[in-house]
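This briefing is meant to be read alongside the sequence and the 3D view. Please keep both open and find each element as it is named.

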Amino acid sequence: MDKISISQKEDNTLHNAETFVLDKLFNKDGSEDYFVNLRELMTSVDNTSMSPLLDQAVEELIAESLIHSDDGENYQITPDGINELKIRKSEPIPL
């Protein structure tokens with residue numbers, strides 16, 4: 001495998017982790033005060049595959065203003081995050 005394909009695979013894996021976080025933070029009930037505790041989110045993940053990327057995914061999503069946290073533990077999706085999640089769900093799944 002060359003460097004380009006490895007880098008693309010890593011990007012796809014991070015993209016999938018970010019989408020997972022956005023989906024977990026999306027409140028399907030419509031409540032505006034819906035927060036998810038990051039520790040609870042971490043325990044819901046298969047530690048061998050996605051868990052190492054969750055911290056990086058959360059940092060990226062915060063940097064892009066797609067999620068936010070007032071206390072560093074409980075996270076909420078932003079309106080931009082909801083729009084991004086809708087876009088990602090309409091895209092083909094990266095392999």
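In this predicted model, confidence within the protein chain is highest in β2, at 94, and lowest in helix α2 (residues 38-43), where the mean is 77. Over the protein chain the average pLDDT is 81, and 77% of the residues score at least 70. Where such confidence is low, the predicted coordinates should not be read in detail.

**Overall layout**

- The protein chain has 95 residues, and buried residues make up 31% of them.
- Among the contacts in the protein chain with a separation of 6 or more, 63% are made by residues 24 or more positions apart.

**The sheet**

- The three strands form an open sheet with antiparallel pairing, in the order β1-β3-β2. β1 (36-37) and β2 (67-68) each have a single partner strand and stand at the edges, so one side of each is left without a neighbour in the sheet.
- β1 is joined by two bridges to β3 (residues 74-77), and the two strands run antiparallel; here Val36 stands opposite Tyr75, while Asn37 stands opposite Asn74.
- Two bridges also join β2 to β3, again in an antiparallel arrangement, and His68 has Gln76 in β3 as its bridge partner.
- β2 and β3 form a hairpin with five residues between them, and in the turn Gly72 has a positive phi of about 80°.

- Ser65 lies in the loop that runs between α3 (51-63) and β2, and Ser65 has a positive phi of about 60° although it is not a glycine.
- Ser65 counts as partly exposed because its relative accessibility is 42%, a value that falls between the limits of under 20% for buried and over 50% for exposed.

**The nonpolar core**

- The largest nonpolar core has 16 residues, of which Val21, Leu22, Leu25 and Ile67 touch the most other members. At least two residues of this core come from each of α1 (3-25), α2, α3 and β3.
- Leaving aside residues up to four places away in sequence, Ile67 touches Val21, Leu22, Leu25, Val58, Leu61, Ile62, Tyr75, Gln76, Ile77 and Thr78.
- In soluble globular proteins, nonpolar side chains tend to be buried together.

**Helix α4**

- Helix α4 (residues 79-90) has 12 residues and reaches 17 Å from its first C-alpha to its last, which is close to the 16 Å expected at 1.5 Å a residue.
- Which residues of α4 are buried? They are Gly81, Leu85 and Arg88, and they lie on the same side of α4 because they cover an arc of only 65° around the axis.
- The face of α4 turned away from this buried side carries Pro79, Lys86 and Ser90, which are exposed.
- Asn83 is also found in α4, and because its relative accessible area is 42%, Asn83 is partly exposed.
- Asn83 and Leu66 are 17 residues apart in sequence, and their C-alpha atoms are 8.9 Å apart in space.

Conventions. Residues are numbered from 1 along each chain as its sequence is written. Side-chain values use heavy atoms; hydrogens and water are left out. Two strands pair if DSSP finds at least two bridges between them. Helices (H or I, at least four residues) and strands (E, at least two) are DSSP runs, numbered from the N terminus. The expected span of a helix is 1.5 Å times one less than its number of residues. Buried means under 20% relative accessible area, exposed over 50%, partly exposed in between (1.4 Å probe, protein chains only). The arc is that of the directions from the helix axis to the C-beta atoms. pLDDT is the predictor's confidence in each residue, from 0 to 100. A nonpolar core is a set of buried Ala, Val, Leu, Ile, Met, Phe, Trp, Tyr and Cys residues joined through side-chain atoms within 4.5 Å. Contact means heavy atoms within 4.5 Å.
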